[in-house]
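Thanks for coming. I have one chain to show today, and I will keep to two of its regions.

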Amino acid sequence: MSRVLLVEDDQSIADMISIYLSEENYTVYCAADGKQGKELFSQHEPDVVILDLMLPDTNGIELCKHFRTVSNVPIMIVSAKSEVSERVNALMIGADDYLCKPFSMRELAARTSALLRRSALNQTFKPAAADPVPTDTKDIVLDLEKRGIYLHGQAVETTYSEFEIMKNFWLHPGKVFSREELLNKIRGIDSFVTERSVDVHITNLRKKIEADPKEPKYIKTVWGVGYKFEMPTRAN
């Protein structure tokens with residue numbers, strides 16, 4: 001059974017989510033504030049986190065940042081804050097999905113399942129032996145089995161979705177991906193999020209791997225279409 005950490009201070013909402021997901025065969029651990037959320041996260045190592053933004057002892061954004069520094073676990077924000085700026089900010093600091101309140105339990109369960117499915121597929125992914133992934137490049141190295149990105153020998157922290165985008169770029173250098181294609185790669189064709197999310201993830205990736213994010217060397221914009229990845233030069 002997949003483990004879900006739910007951090008929600010509204011007891012009635014927490015009870016509804018917990019009961020519904022339990023009936024869907026999830027093991028749900030509930031925290032009413034950030035402190036308890038951190039404790040349960042360490043104790044149970046959840047497979048996915050569902051996180052409210054407005055908590056009594058901390059800002060949910062700060063808690064999301066904390067989880068992201070210690071794990072690549074998929075994180076879904078659930079919040080009454082429906083402004084585009086709030087959703088974009090959450091995605092930029094490490095969240096993988098954002099669901100506005102009020103929402104249906106069925107949609108919540110579907111999104112949770114989609115996040116877990118993408119995560120499980122990634123853990124079992126291995127590149128084909130006939131098409132080996134280059135690992136001796138000068139600047140950037142991807143370790144697909146360990147889900148690692150290294151820039152000049154230093155590990156680069158990424159969210160689940162950021163790594164999925166980078167993995168698809170890495171396996172298909174020079175291929176132009178539309179926003180819709182990248183969105184389907186990281187969420188699946190049953191995605192509930194918008195193509196704007198892809199732009200946010202691309203912006204974050206550029207900040208992490210580009211010397212000058214405004215003049216990207218690796219992740220190029222193809223105007224009117226989408227994005228492509230220029231493979232770095234191999235080391236001699």
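Predicted model: local features only at pLDDT ≥ 70, side-chain atom pairs only at ≥ 80, totals over all residues.

Residues are numbered from 1 along each chain as its sequence is written, and side-chain values use heavy atoms, with hydrogens and water left out.

The protein chain has eight helices and 11 strands; these are DSSP runs, helices being H or I of at least four residues and strands E of at least two, numbered from the N terminus. Of its 236 residues, 47% are buried, meaning under 20% relative accessible area, with exposed over 50% and partly exposed in between (1.4 Å probe, protein chains only).

Now helix α3, residues 60-70. Its buried residues are Gly60, Ile61, Leu63, Cys64, Phe67 and Arg68. They cover an arc of only 160° around the axis, so they sit on the same side of α3; the arc is taken over directions from the helix axis to the C-beta atoms. Exposed Thr69 and Val70 are on the face turned away from that buried side. The cover over the buried residues includes β1, α2, β3, β4 and α4.

Last, α6 (160-171) and α8 (196-209). Their axes, lines fitted to C-alpha atoms over the stretch in contact with angles from 0 to 180 degrees between N-to-C directions, come within 10 Å and cross at roughly 80°. The two are therefore roughly perpendicular, the term for 65 to 115 degrees.

Technical notes
Contact = heavy atoms within 4.5 Å. Parallel < 35°, antiparallel > 145°, perpendicular 65-115°, else oblique.
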